[in-house]
Amino acid sequence: MNAKKNIFNYLKIGHKPGKIPELDGLRAVAILMVLGHHFATFYREHNGSYYRQVIAGPLENWLLNGWLGVDLFFVLSGYLIFHHLLSVQDNPDRVSVFGRYALKRVLRTFPLYYGMLLVAALGLIPYFSPSVSGTDLAIHLLFLQDYYGTNILVPMWSLATEEKFYLLAPLLLVLGQRHLKRSIALLSVVILGMVVFRTFQIMQDNDLVGHIQFFLQYRAPFHYAVLNILVGVMVALVAHRPAPGVLRNLSLWLVGAVLLLLFGVDLYHFEQWQWLSVVHLLLVLCFGVMVWSAVKLTGTGWLRMLAGGFLRRVSVLSYALYLVHYAVLPWALQIHRHYVYSETPWVHALAFLLLYLGLTLLLSLILHYLIEKPFLILKDKF
């Protein structure tokens, strides 16, 4: 009986809400945005005629703009990591605190990352067989794919930024903990200065002809991508202060404005790249306000939609979903071609979407239970 109970408890996912359930909801929204983006771009590439008949207008904009889900992840990560460090900063045993911090980060991110890297490199996912060289493996083992490219699995680029920030975060804490206002001002100057620098670089770049080039040169490299995480750090710093009434009133309106923009403008094909650099910053700042709202206004009526059980379970699996989803797209395509014969556009598109999501969920659950969860249990003991 105890064995069955233990197995049942191990298999539970998201049965208890976090301290701030709305943050779990935002994490789930972020991964759903990324899943939608890669569904749209992949399905359009291989089934263009069906895509054009089914996915158009606001729905297409929302799906293609899903690449911004990674930025929401970054803001959440910046907030959560720095909030944790701020909460333990008064512990006199700094070596022990930072040692536990480093160990928890390793146990949280390394096992599943290296596990998925091994799965991809060995070609264990049907129809997904990237060409992996020793150089590629070395780049990924050292988390340098944000600068040298990720030839194994595209979504892994963001993990390089995350891991570098984990090393940077304790230094930021030591430098800024005594001067809160000055730290917020300095971060604001750094973020704005780097965005201005990036914008001028883009204006002088005559070879920038598409989103892929924008991504490789001005989005993926750590010195640009970390700006989004630093917005989350600012949220952690601001959240330690009393909530300004103006932000309380503006937060809902900002959420509405972001949704309208994501539905109304295709930022994936926004060819005025210097303006995309600016719009991107504004959206990331809005994500920061969303995270601040979730923290300071938790339990508020309009935020309750983020605290539901479905989003909480998606949030628990978000890391596995993120690492897995891109690799199963070719597998879903092959099954779809062999077994789906309908010429009805919406049936054709929906069948592919369900196959893609089903395979992603299946493989994510396997990796979660076999690799991720044992190390999360170990992490919680420290």
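Reader: Which residue does K379 form a salt bridge with?
Author: K379 pairs with D380, and the closest N and O atoms are 3.8 Å apart. A salt bridge here is a side-chain nitrogen of Lys or Arg within 4 Å of a carboxyl oxygen of Asp or Glu.

Reader: What kind of model is this?
Author: It's a predicted model, where local features need pLDDT of at least 70 and side-chain atom pairs count only at pLDDT 80 or more, while totals for chains, interfaces and linings use all residues. Residues are numbered from 1 along each chain as its sequence is written, and side-chain values use heavy atoms, with hydrogens and water left out.

Reader: Back to that pair. Is K379 buried or exposed?
Author: K379 counts as buried, at 14% relative accessibility. D380 is exposed, with a relative accessible area of 57%. The cut-offs are under 20% relative accessible area for buried, over 50% for exposed and partly exposed in between, using a 1.4 Å probe and protein chains only.

Reader: How many salt bridges does the rule give?
Author: The count is five. One of them joins the side chains of R219 and D71, at 2.9 Å from N to O. R219 lies in the loop between α11 (211-218) and α12 and D71 in helix α5, so this pair ties together parts 148 residues apart in sequence.

Reader: Okay. And how accessible are R219 and D71?
Author: R219 is buried at 5% relative accessibility. D71 is buried too, with a relative accessible area of 0%.

Reader: What about D24, which residue is its partner?
Author: D24 has a salt bridge with R27, with 3.1 Å between the closest N and O atoms. They sit three residues apart in helix α2 (residues 21-46), so about one helical turn separates them.

Reader: New topic: at what angle do α5 and α12 cross?
Author: Helix α5 (residues 69-87) and helix α12 (residues 222-238) cross at roughly 45°, and their axes come within 7 Å. Axes are lines fitted to C-alpha atoms, for helices over the stretch in contact, and angles run from 0 to 180 degrees between N-to-C directions. α5 and α12 are therefore oblique to each other. Under 35 degrees is roughly parallel, over 145 roughly antiparallel, 65 to 115 roughly perpendicular, and the rest oblique.

Reader: Which residues make the contact?
Author: Contact means heavy atoms within 4.5 Å. On α5 the residues include D71, F74, Y79 and F82, and on α12 they include A225, I229 and V233. D71 of that contact is also the salt-bridge partner of R219.

Reader: How do α2 and α18 pack?
Author: α2 and helix α18 (residues 345-379) pack at about 130°, with axes 11 Å apart. So these two are oblique as well. Among the residues in contact are F39 and F42 of α2 and F352 and Y356 of α18.

Conventions
Helix = DSSP H or I, 4+ residues; strand = E, 2+ residues; numbered from the N terminus.
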